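Here is a short report for a first look at this structure. Start with the view below, then read on.

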Amino acid sequence: MLRQMNKFALLFLLSISSLTVQAQMKWNPVYQLYINQYKDLAIKEMLKYKIPASITLAQAVFESGAGKSRLASVGNNHFGIKCHDWTGRTIAEDDDALGECFRAYDDPLQSFEDHSLFLVNGKRYRPLFSLPKNDYRGWAQGLSSCGYATNPQYPNKLIELIELYKLYYYDNAQDYDPFLADHAGKDVPVGNEKFLHPIAIFNENYYLRARNGDTFKMIGEEVEISYRKIARYNERDKDDRLQEGEIIFLKKKRKKAPKVFKNHPHIVKTGESLYTISQIYGVRLKSIYKMNGFDSDHEIKIGDLIRVY
């Protein structure tokens, strides 16, 4: 099954912190990785419904805090769409008023599809579809004028995101990776079943996240790879008990992080070690030491900048 996935690439979210768009927006690796995860789905929706992929991605990042908002993490609602004649599941969230009704979905794919339908079927949004497909500024201003959001800075925030992350490139896409589009945020199906652990791809490697009580042996049996090899790939002892949420790679890690991190060193946070940083970026621990000129007993502290590329 893993061999069949060789051509697919899926970047994952690195941080579990709550995110907000700042007044002076700076490049954020968490935003970039969210974009990489959902760009193929946004392109798929664009080719189907004529909504610029740049707009879809910018709205998703802004509305969901790159997937970290409660609406997104609990209700799979990545676009902040309220109930409005909705007959499906709902979730309550404070917005303009306390405990407002928002739509809830089974997975992010449903959220992206419903966002497209919400715009396509909404009479007030019809003027937007007469704009050139790459007029992201017109779309951003139009969404605000048509009443999508009450924040007067909404169009400016979307435009900032689009230009900072160069999302406008996706508006010219003619195709997309169907695997990534159909499995963004979902478990990977295997026959008529699903892996107990969703598998994704990062830095040309497969990874999953450990669950409470996992061992390398349990994971090895599940993915049909020698647990001794998996432990070795992750630079661990084969008998280690894993912590919930740990990143576990299924192939040998690479010597560098993806190129997008070339000019963006990692900033050490509370509780991190060089090993946990190496796992975040899918990089061999000895390569982290070498890139940074550290000796074997080097100790890091909060705020240190660690090269990963």
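## Buried or exposed

Buried means a relative accessible area under 20%, exposed means over 50%, and partly exposed lies in between. The model is a predicted one.

Cys83 has a relative accessible area of 11%, so it is buried. Cys146 is at 18% relative accessibility, so it also counts as buried. Cys101 is at 35%, so it counts as partly exposed.

## The disulfide

How many disulfides does a search of the whole structure find? The search finds 1. Its partners are Cys83 and Cys101, with sulfur atoms 1.8 Å apart. The link of Cys83 and Cys101 is left-handed, with -70° about the S-S bond.

This pair links distant parts of the chain. Cys83 sits in the loop between α3 (70–75) and β1. Cys101 sits in strand β2. A disulfide is a covalent bond between the sulfur atoms of two cysteines.

## The hairpin

Which residue of β2 is the bridge partner of Ile91? That partner is Phe102.

Between the strands of the hairpin lie 6 residues. Gly99 in this hairpin takes a positive phi near 60°.

Note on methods: Residues are numbered from 1 along each chain as its sequence is written. This is a predicted model: local features need pLDDT of at least 70, side-chain atom pairs count only at pLDDT 80 or more; totals for chains, interfaces and linings use all residues. Side-chain values use heavy atoms; hydrogens and water are left out. Two strands pair if DSSP finds at least two bridges between them. Helices (H or I, at least four residues) and strands (E, at least two) are DSSP runs, numbered from the N terminus. A disulfide is a pair of cysteine sulfur atoms within 2.5 Å. Buried means under 20% relative accessible area, exposed over 50%, partly exposed in between (1.4 Å probe, protein chains only).
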